[in-house]
Amino acid sequence: MRNLKGFATLPFAAIVKPLDMSKAAYRFHWRVNRILRMVLSGVLKRIARQPGRSGFTSIVIDEQDLRHLFEAPATAACFSKFEASRLLGVDRAVIDKLFRAAASNGAPIVRRVAPLIGWNKNVLAP
């Protein structure tokens, strides 16, 4: 824990929607070790320590900081997973694995996009 103390960039009161790393992993369906890598590599900027707690659970991340990494802004130009697999000439399972893949710093490689029209929520930006 001694190593994580220096990564708190803000006071706890400045974090609008604080999530500890376990809750962040649950909310964004991402492994805790990847979120920890994002903290250590500097990908996440809004980090604080929760007063009254110690250890791993005292580190909190702003939910909006994570949301920016996992969800791209809404756009009309996007592809469904099926369309992306057809355009790339790969099986849909490959596209599903891209959604779960992480860069070396723990950040997701592909972000989800909320389409402006249509029903499908699992889409990729072009």
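These are my notebook entries on a predicted model of one protein chain.

**Ground rules.** I number residues from 1 along each chain as its sequence is written, and I leave hydrogens and water out, so that side-chain values use heavy atoms. Since the model is predicted, I take local features at pLDDT of at least 70 and side-chain atom pairs at pLDDT 80 or more, whereas totals for chains, interfaces and linings use all residues.

**Overall layout.** I looked up the secondary structure and found five helices and seven strands, which are DSSP runs numbered from the N terminus (helices H or I, at least four residues; strands E, at least two). Along the sequence they follow the pattern β-α-α-β-β-α-β-β-α-α-β-β. Buried residues make up 33% of the 126 residues, where buried means under 20% relative accessible area, exposed over 50% and partly exposed in between (1.4 Å probe, protein chains only). Of the contacts (heavy atoms within 4.5 Å) with a separation of 6 or more, 66% are between residues 24 or more positions apart.

**D20.** I found D20 in strand β1, residues 18–20, and it is buried, with a relative accessible area of 9%. A polar atom of the D20 side chain lies 2.8 Å from the backbone nitrogen of K23. Leaving aside residues up to four places away in sequence, D20 touches R53, T57, I59 and V60.

**Helix α2.** In α2, residues 32–41, I noted R34, I35, M38 and V39 as buried. Seen down the axis of α2, its buried residues fall within an arc of 145°, so they line one face of the helix; the arc is that of the directions from the helix axis to the C-beta atoms. The cover over these buried residues includes α1 (21–28), β2 (47–49), β3 (59–62), α3 (63–70) and α5 (92–100). Just after α2, G42 takes a positive phi of about 85°.

**H29.** I then turned to the loop between α1 and α2, where H29 is placed. H29 is not a glycine, yet has a positive phi of about 55°. Most residues other than glycine have a negative phi. H29 is exposed, with a relative accessible area of 71%.

**Largest pocket.** I looked up the largest pocket and read about 300 Å³ of space in it. On a 1 Å grid over the protein atoms alone, a pocket is an open set of points where a 1.4 Å probe fits, with protein on both sides within 12 Å along at least five of seven lines, and lining residues have an atom within 4 Å of a point. Grid points are joined across faces, edges and corners, and the volume is the space filled by probe spheres set on the points. Of the 15 lining residues, F28, H29, F70, F99 and R112 are the closest to the centre of the largest pocket. The elements that give two or more residues to this lining are α1 and α5, and α5 supplies the largest share, three residues. By class I recorded six nonpolar, one polar and eight charged residues in the lining, counting Ala, Val, Leu, Ile, Met, Phe, Trp, Tyr, Cys and Pro as nonpolar, Asp, Glu, Lys and Arg as charged, and the others, Gly among them, as polar.

**K81.** My last entry concerns K81, which is found in helix α4, residues 81–88, and is buried, with a relative accessible area of 9%. The side chain of K81 makes a polar contact with the side chain of D96 at 3.0 Å; such a contact is a pair of N or O atoms within 3.5 Å, of which, within protein, one must be able to donate a hydrogen and the other to accept it, and residues adjacent in sequence count only if both atoms are side-chain atoms. K81 and D96 are 15 residues apart along the chain, and their C-alpha atoms are separated by 7.6 Å.
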